[in-house]
Amino acid sequence: MIKVDISNVWGEIALPDLLAMEKEVSAAHNTLKDGTGAGNDFLGWETLPVAEPTEEMKRIQVAADRIRSDSDVFVVIGIGGSYLGPRAAIELLQGPNHNIGKGKGNPQIFFAGNGLSTRHWNELCRLLEGKDFSIAIISKSGTTTEPAIATRALRWMLERKYGTEGARKRTYAITDPSKGALRQMATEEGWESFVIPPNVGGRFSVLTPVGLLPMAVAGIDIAKVMKGAYEAMKTYDLRSFENPAWQYAAVRNLLYRRGKAIELFESFEPGFKMFGGWWQQLFGESEGKDGKGIFPVTAEFTADLHSLGQMIQAGERNIFETMVRFDAPENKYTIPSDWKNLDGLNYLEGRTLDYVDEKAYLGTVAAHVDGGVPVITMDVGELNDEKLGEMFYFLELSCGISAYLLGVNPFNQPGVELYKRNMFQLLGKPGYETK
Ligand code: PA5
């Protein structure tokens with residue numbers, strides 16, 4: 001079980017405040033599980049996890065093995081909920097530099113269609129030069145502009161390189177089972193395709209083929225990820241404050257009611273950055289509604305202590321932190337001796353880097369709590385494929401409970417739709433001229 005340590009929030013809230021929320025949290029959890037709340041047509045994510053691989057997971061693995069054997073590079077096209085989950089998974093487990101030294105057998109994975117930067121596009125073209133590659137197009141609606149532009153460009157690159165039949169075999173689509181331009185293209189072009197269930201929203205889709213195919217191509221054991229999520233589905237169904245999902249959801253809402261309107265979600269792992277990005281979308285898009293919501297920000301320590309540290313320590317007191325901790329890896333680095341000791345570091349001789357990291361964590365928490373910033377610690381334990389699945393499910397559940405506590409529909413995103421519509425109008429998309 002993920003441990004949520006709330007001992008560093010007591011300066012801001014008191015235990016009776018938390019206990020007084022029991023009925024409210026219980027009601028929010030029941031609303032979610034009984035499907036009686038707003039957005040209840042998007043609860044498919046709750047029951048996605050499975051103990052044993054499904055037929056579709058086996059088909060994903062076969063496709064992933066093919067991509068691994070015939071491609072130096074796998075390009076994953078998508079944005080928002082159709083992008084952040086797989087990237088978060090791969091970078092958390094394999095690090096931000098996971099692509100270095102990879103090729104056929106264990107392909108590099110690049111992401112496209114997650115923005116409109118020509119520089120990024122030019123760089124991708126350079127990276128693909130002389131490489132065998134395959135693409136996965138991920139879009140639930142099948143109509144989002146950024147991935148649609150990248151798809152058109154990459155399809156042509158594939159066709160020029162491999163011809164129509166070769167390109168067809170190297171194109172995979174992940175989309176709605178029946179609706180949208182991407183589904184139509186997949187059917188007409190004969191691409192291998194996988195389904196995003198209609199009742200699973202983008203930001204809750206990481207445990208569908210959206211996350212599973214890229215993870216499998218990266219060599220992550222998707223059966224283990226799903227097993228971890230499956231165990232989480234059972235474990236975190238607990239209806240009491242012993243449930244860490246209850247603790248997290250309730251404490252962040254209590255802090256918000258005390259004026260803490262910004263949550264910094266941090267870790268001391270550089271590979272965590274994109275996971276933080278996934279969390280940012282999950283909570284930001286689920287909660288930022290009706291003039292309410294905790295603003296989600298992710299940070300990487302200790303690096304960001306040297307940029308955001310001052311603001312956290314002494315800026316406006318409207319912040320709380322959630323620090324995610326992982327067990328240290330088995331392979332240690334021990335600080336060596338230097339007989340000259342010009343850097344004055346010999347007092348750390350024989351200490352491991354983990355030891356220094358632990359002290360940095362403790363020192364940071366103490367400083368921030370002293371400065372009036374409550375800190376929630378999430379102790380995840382050993383980081384592995386199963387734990388990743390557990391983390392995804394735990395945070396999705398916490399998010400659903402938290403958003404119902406806030407009194408908003410966790411499962412819509414009217415603000416995102418608005419920007420998409422405005423962009424269509426400005427670009428002159430047929431049908432959007434006067435909207
Ligand atoms: O959560 C959301 O709904 C959005 O972030 C979408 O995932 C994003 O806009 C991509 O949409 P689509 O998968 O339809 O291309």
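1. Some ground rules before the details: two strands pair if DSSP finds at least two bridges between them. Helices (H or I, at least four residues) and strands (E, at least two) are DSSP runs, numbered from the N terminus. What you have here is a predicted model, where local features need pLDDT of at least 70, side-chain atom pairs count only at pLDDT 80 or more, and totals for chains, interfaces and linings use all residues. Residues are numbered from 1 along each chain as its sequence is written, and side-chain values use heavy atoms, with hydrogens and water left out.

2. Let's start with that pairing. Serine 267 has glutamate 300, in E8, as its bridge partner. Strand E7 (residues 262–267) runs parallel to E8, and six bridges join the two.

3. Now the sheet around them. Five strands make up an open sheet in the order E1-E10-E9-E7-E8, and the pairing is mixed. Strand E1 (3–8) and strand E8 (295–300) are at the edges with a single partner strand each, so one side of each has no neighbour in the sheet. From one strand to the next, the twist averages 20° (axes are lines fitted to C-alpha atoms, for helices over the stretch in contact, and angles run from 0 to 180 degrees between N-to-C directions). Helix H14 (residues 385–406) packs on this sheet and touches E1, E7, strand E9 (319–326) and strand E10 (375–381); contact here means heavy atoms within 4.5 Å. The direction of H14 makes about 145° with that of E10.

4. There is another open sheet of five strands, with parallel pairing and the order E3-E2-E4-E5-E6. Its edges are strand E3 (108–112) and strand E6 (192–195), each with a single partner strand, so one side of each is left without a neighbour in the sheet. Neighbouring strands in this sheet are turned by 20° against each other on average, direction ignored. Strand E2 (residues 73–77) pairs with E3 in the parallel sense over five bridges, and isoleucine 77 sits opposite alanine 112 in E3.

5. What packs on the sheet that holds E2 and E3? That is helix H6 (residues 145–169), touching E2, E3, strand E4 (133–138) and strand E5 (171–175). The direction of H6 makes about 140° with that of E4.

6. On to the ligand. It is surrounded by 14 residues, and the closest are Ser82, Ser139, Thr144, Gln281 and Glu285 (a residue is near a molecule or strand if one of its heavy atoms lies within 4 Å of it). The shell divides into one nonpolar, nine polar and four charged residues.

7. Which atoms does the ligand meet? An oxygen atom of the ligand is 2.6 Å from an N or O atom in the side chain of glutamate 285. A ligand oxygen is 2.9 Å from an N or O atom in the side chain of lysine 420, and a ligand oxygen is 2.9 Å from a polar backbone atom of glycine 81. Taken alone the ligand exposes 380 Å², and the protein buries 92% of that (Shrake-Rupley method, 1.4 Å probe; for residues, only the protein chains shown count as cover).

8. Two backbone spots to look at. The peptide bond from phenylalanine 301 to threonine 302 is cis, with omega near 10°, and threonine 302 is in the loop between E8 and helix H12 (309–314). Aspartate 290 has a positive phi of about 55° although it is not a glycine; aspartate 290 lies in the loop between helix H11 (273–287) and E8.

How values were computed: Polar contact = N/O pair within 3.5 Å; in protein donor to acceptor, adjacent residues only side chain to side chain. Nonpolar A, V, L, I, M, F, W, Y, C, P; charged D, E, K, R; others polar.
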